[in-house]
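Here is a friendly walk through a protein model, written for someone new to reading structures. Keep the 3D view open and click along as you go.

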Amino acid sequence: MIPRAEDAHWLAAAVALFLGLVLIAELIVGREVFRRRAWRAYLFPAAVVVASVGLWVIVVFSTFSTMHLLAHAVWAQAALVAGAVELALVRGKLTSPRWSLVPGVALFVSGFAFLVHEPNPWLYSRSAFLHHAIGWMLVIVALFPLGEALRPRQLVWRTGFALTFVLLAVFLFADRDAAPIFGRFGLGGP
Amino acid sequence: MRRALAVLAVFAAALVAPGSAFAHVTLVSSEPVTQSRVDTPPSEIRLRFNGPVTITSNAVRVLAPDGTVLSGTPRTEDRGYVVVAPVSGLVDGQGYTVRWRVIGSDGHSPAGVFTFGVGIAAPPPTEAVGSSGTTWRDDVARWAFFGALALLIGPLVVRLLIIRNRPVPGPLEHRFHLLGVIASFLVIDVGIAAFILRASNALQLPIADLPYGDLQPFAEKTRFGIAFLVMTFGIGIVASLLLVAWVFDRLDLRWPALVLSLALLSGLSLSGHQATEPNSTWLSETADWLHLVAASIWVGGVATLAFLVWPLAPGLRRTTFLGFARLAAVLVAAMVLAGAYLALVRLPELSDLWETQYGRFLLLKAAIVGIALTWGAAHHFLVRPRLEAGDEPDVGPSLVGEAVVAFAVLLTAAILTNLAPPPIDSASSTIARTSR
């Protein structure tokens, strides 16, 4: 009944890559040009909300351990709230720039959940390495939305936010729980 | 620059040449199958994992109903993917418990429990040897779950049915949205906590090891587990609908959220006493669902009146109060009729009311329901005529009191849900015989 975790992670990676490419496209052409067609403004937040529904499916398949059930439930809720707040910002339902902090909180909580549900040190296995790498990355990049709220004109925050999703996709595509950390170049591994 | 390039090279290397690998180590199959019935006693227990594992001498323990250990020293086979434990002394007509714990190649230490029966149906995993019964923590979790459901459903009913065509002040509409979303998240999170608590009573793992406890036998092989999975996913959809309804100001999106929430309540009816006891029927399941629906709308509705409409929308007080008073009459009738029928089904003898713990708690619940109904009746017969006459009585504090009593009713309902009803003597249960 349970799909392989690799398959689920690769699917999540594809979604993260899509999100990252949407954000990068907006960065390259500029927000004004990108949002000339109204639906494009809704693309990123709507995709996050839809992805959160997909995460609920993963939650249901995560009963093989208590920790994974909890971690996936945290990610699903964080994604849903962050996506809905982004949707509300795009629609003008929310206007305060402080709401931009919500994705930051979602990233921090998600990163924290990654770190908590990995009991092994960095170099134990590739899975452990990637869990630590993703966890710390999400915790650190939670500062980007904070930076954007404080200094909205500096592109570095949005660039960092967009690249976070691309890097997340790379990490998730690379996920093999029992593989050596660096593939055939091989350090570590069980 | 060189350091940055080196870091990038390391990340690129991580993508190269993945070895064959699977997920976190989990139990993928067993012989006997988890929660299965076998015709002849097995001579060994085989557990297959999705990755290689290492074991200790206590990795697999097979327990007789009296707690006697029937398994020998386990060994691994098939490159560590399979753990085999010899067993002896199993007899026909008994259920057995298998407790296992291994160390996966990913360093995690998954553990689990399941049962099987020889010549009989397997006992539920919650009744595995060594399991503790439900505790006050389960009661509190169940209470919070019922409360969250009421706070999800009640405000939706008030908004969609009672003040549907009325202009609603912005702050009140905002609270309706906020409460709906918070309540749906509460249902999910409290549901997860309640499910883990229930499973942990059977797993009996130290708190440090519980994070890697295998919940699959409970999630996939029990009614409450399947109900938990369906409800978690379903309420996730409800939360999404409510958030999108808020963003786009779409009242109509709250209808599917309400309908789905009410339908999901059936998960509780299909996994509780009214579905699992020997004399359960489709009628007892339906009555339980109606009881739950009516109670959720009533408790949530009173709370909505007390904490949302009364303080935030004075202009809507009369309309909401009168509309809810009409609806409450139907709800109370449904609750009392369905509840009385269920009490007759669950308690085969009148004396069970005072001689069993279940019966005594049922009496307590009936007493608190009586207080709540008296309070509601006072509102119905004393306040409603004044409101209809154009007065503006300040019944806010009184509504808060009724809401508090209503939540106390939910507490007794939660305790009753976790208590075992008296055993059914098939000859004495008239209701059961006639409704089967």
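## Surface and overall build of chain B

Chain B exposes about 18800 Å², and carbon and sulfur atoms supply 64% of that area. Areas like this come from the Shrake-Rupley method with a 1.4 Å probe, and for residues only the protein chains shown count as cover. Chain B has 436 residues, and 53% of them count as buried. Here, buried means under 20% relative accessible area, exposed means over 50%, and partly exposed is in between (1.4 Å probe, protein chains only).

Take the contacts in chain B with a separation of 6 or more: 72% of them come from residues 24 or more positions apart. A contact means heavy atoms within 4.5 Å.

## How to read this model

This is a predicted model, where local features need pLDDT of at least 70, side-chain atom pairs count only at pLDDT 80 or more, and totals for chains, interfaces and linings use all residues. Residues are numbered from 1 along each chain as its sequence is written, chains are lettered from A and ligands numbered from 1 in the order in which they are written, and side-chain values use heavy atoms, with hydrogens and water left out.

The predictor's confidence in each residue is called pLDDT and runs from 0 to 100. For chain A, the mean pLDDT is 86, and 91% of the residues reach 70 or more. Over residues 184-190 of chain A, though, pLDDT stays under 50, and the model has 18 contacts beyond four places in sequence for that stretch. Where pLDDT is low, the predicted coordinates should not be read in detail.

## Around strand E1 of chain B

Start with Ser30(B), which sits in strand E1 (residues 27-31). Is Ser30(B) buried or exposed? Its relative accessible area is 8%, so Ser30(B) is buried. Beyond four places in sequence, Ser30(B) touches Arg46(B), Leu47(B) and Phe114(B). A polar atom of the Ser30(B) side chain also lies 3.3 Å from the backbone nitrogen of Thr34(B).

The peptide bond from Glu31(B) to Pro32(B) is cis, with omega near -5°. Gln35(B) is in the loop between E1 and strand E2 (36-38) too, and counts as buried because its relative accessibility is 17%. The side chain of Gln35(B) makes a polar contact (a pair of N or O atoms within 3.5 Å; within protein, one must be able to donate a hydrogen and the other to accept it, and residues adjacent in sequence count only if both atoms are side-chain atoms) with the side chain of Thr115(B), at 2.8 Å. Beyond four places in sequence, the contacts of Gln35(B) include Phe114(B), Pro123(B) and Lys221(B).

Helix H12 of chain B covers residues 357-388, and its 32 residues reach 45 Å from first C-alpha to last, close to the 46 Å expected at 1.5 Å a residue. That expected span is 1.5 Å times one less than the number of residues. H12(B) bends by about 30° at Leu382(B), with Pro385(B) following within four residues; the bend is the angle between axes fitted to the seven residues ending there and the seven starting there. Among the buried residues of H12(B) are Leu362(B), Ile368(B) and Val383(B), and the cover over its buried residues includes helix H9 (282-312) and helix H13 (396-418).

Leu160(B) belongs to helix H2 (residues 136-162). With 1% relative accessibility, Leu160(B) counts as buried. Leu160(B) touches residues including Leu251(B) and Trp255(B). Leu160(B) and Leu251(B) are 91 residues apart along the chain, yet their C-alpha atoms are separated by 8.0 Å.

## Two positive phi values

Most residues other than glycine have a negative phi, and most peptide bonds are trans. Asp78(B) has a positive phi near 55°, and Gln204(B) has one of about 55°. Asp78(B) is partly exposed at 37%, and Gln204(B) is partly exposed at 42%.

Terms used
Helices (H or I, at least four residues) and strands (E, at least two) are DSSP runs, numbered from the N terminus.
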